[in-house]
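Please read the following report alongside the sequence and the coordinates. It is written for a reader who wants each term given with its cut-off.

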Amino acid sequence: MIEALPGVLINGCLVGGVLALIALALNIQYGVGRVFNIAHGEFIMLGAFITYTVYVGYGAVAGGIDPLISLAISGPLLFIVGFVLYRTLFTSLRTRAPSPAAFEGNSLLAAFGLIFVIQNVAILIWTGRTRAYNWEYDFPVPFAGTVFRFSQIIAFALAIVIGIVFYIFVNRTRLGKAIRAAAQDPATAGLMGININMVLALCFGFGALLAGIAGSLLSMYSSISEVMGLGYAIGAIIVMVLGGLGSIPGSFIGGFIIGIIGSIVTYVEPALVVPAYYALFLILLLVRPQGLLGK
Amino acid sequence: MDIATFISRFIPRKLWVPGFLLVLLIVLATLPSYAGSNRILFLSATTLMYIALAVSWAMFSGTTGYMSLAVAAFFGIGIYTTAILRPLVPLGVVFTAAGIVSFLIALLVGLVTLRLKGIYFAIFTFGLVVLIGQLAVYYDIHVLGVKGHPVAPTTYPIMYYCMLGLAVATVLVVYLIRRSRLGLALLSIGGNEEAAAHMGVNTTMVKVLSFAISAIFMGIAGAIFGARQSFIDPGATFSVGYSFSPVLMAVFGGMGQLYGPVIGAAIFSLLDYWLSGRFPNYYALIFGVILVLVILYMPGGLVGLMPKLRNGLGGVIAKLRKGNGAGQHANT
């Protein structure tokens with residue numbers, strides 16, 4: 001147990017990095033767009049399948065685009081999907097809702113419906129088989145008594161870099177300022193001259209973009225299927241609540257904590273990973289419902 | 001004399017609804033004697049099951065606005081209870097146990113999560129399906145050392161009558177709750193929870209209790225459904241789809257009235273049967289699209305459309321009368 005500990009901890013960090021990126025994406029959608037997107041996992045799944053398709057090819061169409069380059073395809077594509085979804089579906093729900101709470105309830109239900117729509121469209125396109133691809137960077141790296149995979153290290157590094165870039169974007173740019181204002185008080189931000197519908201839709205789009213990139217990263221080191229989304233969505237929700245709603249650093253800390261706990265529990269008993277997450281979630285709700293870095 | 005004028009002349013108006021319900025109940029109770037095939041019986045039983053699920057879901061989530069996405073969790077608990085207890089005890093005991101287990105688990109979940117903001121509750125119930133499913137799989141493999149449970153299935157008429165009893169009981173209990181202090185308290189929480197608390201409503205107690213009561217019906221529905229299966233695999237039992245359908249049905253029917261979810265469930269079970277036979281690859285997709293469209297364009301559901309429809313028709317009729325009576329003033 002003890003001699004395996006460093007390996008287990010490092011593995012937990014590697015898992016946690018990508019998990020943090022997924023949670024960050026959800027956080028921007030709920031923290032600013034006020035859409036509790038439980039269809040988040042489906043965007044991740046789409047990202048993973050786009051990478052798979054451009055690399056392996058689809059039917060008679062040859063692929064050959066490296067998964068690293070595919071990030072530049074899956075991200076923007078999902079940004080468009082997210083942006084359009086918010087501009088059409090969620091904006092009209094928002095303008096019709098009598099209160100913010102009613103909007104949250106209705107958008108939750110709409111996202112619930114989206115799970116079934118996206119998942120089944122994906123099954124129609126990709127026939128519902130578990131898939132994986134062989135990637136040249138997917139070689140073993142022995143370290144600290146355990147064997148890691150180089151692809152997972154790449155995915156981890158990219159997730160961290162993208163997370164930091166996004167953090168700087170939100171904190172240092174004009175658009176980032178508008179996003180933070182919209183998160184605090186959409187009505188007042190609108191009065192100050194911010195195009196609120198545009199900013200909210202952009203945020204939802206950014207969330208979808210990050211989810212798509214996270215899906216592409218996941219596909220580099222794990223097998224993918226059309227129904228993979230649910231598990232990741234639940235993980236992201238727990239990380240987001242743990243880190244604190246609306247906090248980007250919180251999502252990262254939460255991601256590492258959940259990643260390490262998951263890695264330890266997997267080492268001891270793989271079947272108890274989800275129950276362990278839930279135990280943590282329960283304790284959190286009772287002790288600190290606003291999360292580690294929440295206000 | 002046609003039948004409509006006959007009814008309106010000889011049967012007092014206040015007996016129309018009870019009379020209709022009585023006739024419906026007699027038709028349903030005698031269905032197995034003339035149903036002909038087990039397929040029709042199974043379809044009717046499934047319809048009744050979804051009525052029970054949708055009505056009990058709407059009783060809590062529809063009135064309070066706390067979205068529970070855990071129908072599948074309690075439904076699955078019912079199925080799993082059947083898997084464990086069916087070889088040991090008679091059916092009646094199995095169903096009672098399923099109701100009690102669901103009630104207790106819902107009580108526990110509610111006590112922990114319902115003190116908090118609504119969104120935490122939705123989050124927790126969303127994952128509850130996966131959590132309980134994993135625990136059941138773990139219990140199967142590591143404690144019992146089995147993979148799935150073969151059970152002796154009941155007959156179709158037994159399943160049908162159990163579902164009929166359950167659906168009637170659910171509608172009756174929810175009807176009574178809606179008219180009781182508890183129902184009023186639930187409505188007040190849906191309207192404004194803080195104000196309700198200030199008026200002296202013990203909001204936590206009301207929410208937890210009604211959430212747990214709604215779980216009883218879901219658990220029993222699962223147990224009856226499970227008793228018809230010949231093999232129960234906990235991995236496949238806890239599927240989010242069972243949370244999805246009742247929510248869709250209740251939202252489609254409309255949650256403002258008791259009969260909304262009933263109508264929604266009846267229409268959708270038949271539609272589900274028809275579509276899944278015809279387009280097995282597309283029907284989940286179609287249902288997803290319908291849910292999104294209903295939330296977007298019919299937030300009140302079918303029930304919410306009724307007053308609009310009546311007003312619209314009333315307006316048309318009034319216009320026609322006006323046109324006939326005073327044609328020359330029609331343009332003014």
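## Basis and conventions

This is a predicted model, in which local features need pLDDT of at least 70 and side-chain atom pairs count only at pLDDT 80 or more, while totals for chains, interfaces and linings use all residues. Residues are numbered from 1 along each chain as its sequence is written, and chains are lettered from A and ligands numbered from 1 in the order in which they are written.

## Helix α5 of chain A

Helix α5 of chain A covers residues 150–172, and its 23 residues should span 33 Å at 1.5 Å a residue, which agrees with the 33 Å between its end C-alpha atoms; the expected span is 1.5 Å times one less than the number of residues.

A residue is buried if 20 or more other C-beta atoms lie within 10 Å of its own, exposed if 12 or fewer, and partly exposed in between, with the C-beta atoms placed from the backbone. By this criterion the buried residues of α5(A) are S151(A), Q152(A), A155(A), F156(A), L158(A), A159(A), I162(A) and G163(A). What covers them includes α1 (5–31), β4 (146–149), α8 (196–221) and α10 (248–268) of chain A. Q152(A) counts as buried because 21 other C-beta atoms lie within 10 Å. Q152(A) touches L14(A) and Y221(A), leaving aside residues up to four places away in sequence, where contact requires C-beta atoms, placed from the backbone, within 7 Å. The C-alpha atoms of Q152(A) and L89(A), 63 residues apart along the chain, are separated by 36 Å.

Strand β3 (residues 140–143) of chain A runs antiparallel to β4(A), to which four bridges join it; two strands pair if DSSP finds at least two bridges between them. P142(A) has V147(A) as its bridge partner in β4(A). Two residues lie between the strands of this hairpin, in which A144(A) takes a positive phi near 55°.

Elsewhere in chain A, R34(A) has a positive phi of about 60° although it is not a glycine, and R34(A) lies in the loop between α1 and α2 (40–56). T127(A) likewise has a positive phi of about 60° without being a glycine, and T127(A) is found in the loop between α4 and β3. R34(A) counts as buried, with 22 C-beta neighbours inside 10 Å, whereas T127(A) is exposed, with 9 other C-beta atoms within 10 Å.

## The largest nonpolar core

A nonpolar core is a set of buried Ala, Val, Leu, Ile, Met, Phe, Trp, Tyr and Cys residues joined through C-beta atoms within 7 Å. Of the 199 residues in the largest such core, V18(A), I22(A), A214(A), M163(B), A221(B) and I224(B) touch the most other members. The element that gives the most to this core is α8(A), with 18 residues. Leaving aside residues up to four places away in sequence, I22(A) touches I44(A), A211(A), A214(A), Y232(A) and A236(A).

## The contact between chains A and B

The contact takes 32 residues from chain A and 33 residues from chain B. On the side of chain A that touches chain B, the elements giving two or more residues are α3 (67–96), α4 (100–126), α9 (229–243) and α11 (273–287) of chain A, and the largest share, 14 residues, comes from α4(A). By class, this side has 26 nonpolar, five polar and one charged residues, where Ala, Val, Leu, Ile, Met, Phe, Trp, Tyr, Cys and Pro count as nonpolar, Asp, Glu, Lys and Arg as charged, and the others, Gly among them, as polar.

## Chain B and its domains

Chain B has 16 helices and two strands, and its C-alpha trace spans about 85 × 55 × 40 Å along its principal axes. Of the 332 residues of chain B, 45% count as buried. Among the contacts in chain B with a separation of 6 or more, residues 24 or more positions apart account for 79%.

Chain B is divided into domain 1 (1–34) and domain 2 (37–324), with bounds that come from an automatic or database domain assignment. The centres of domain 1 and domain 2 of chain B, taken over C-alpha atoms, are separated by 28 Å. Their contact takes four residues from domain 1 of chain B and five residues from domain 2 of chain B.

How values were computed: Contact = placed C-beta atoms within 7 Å.
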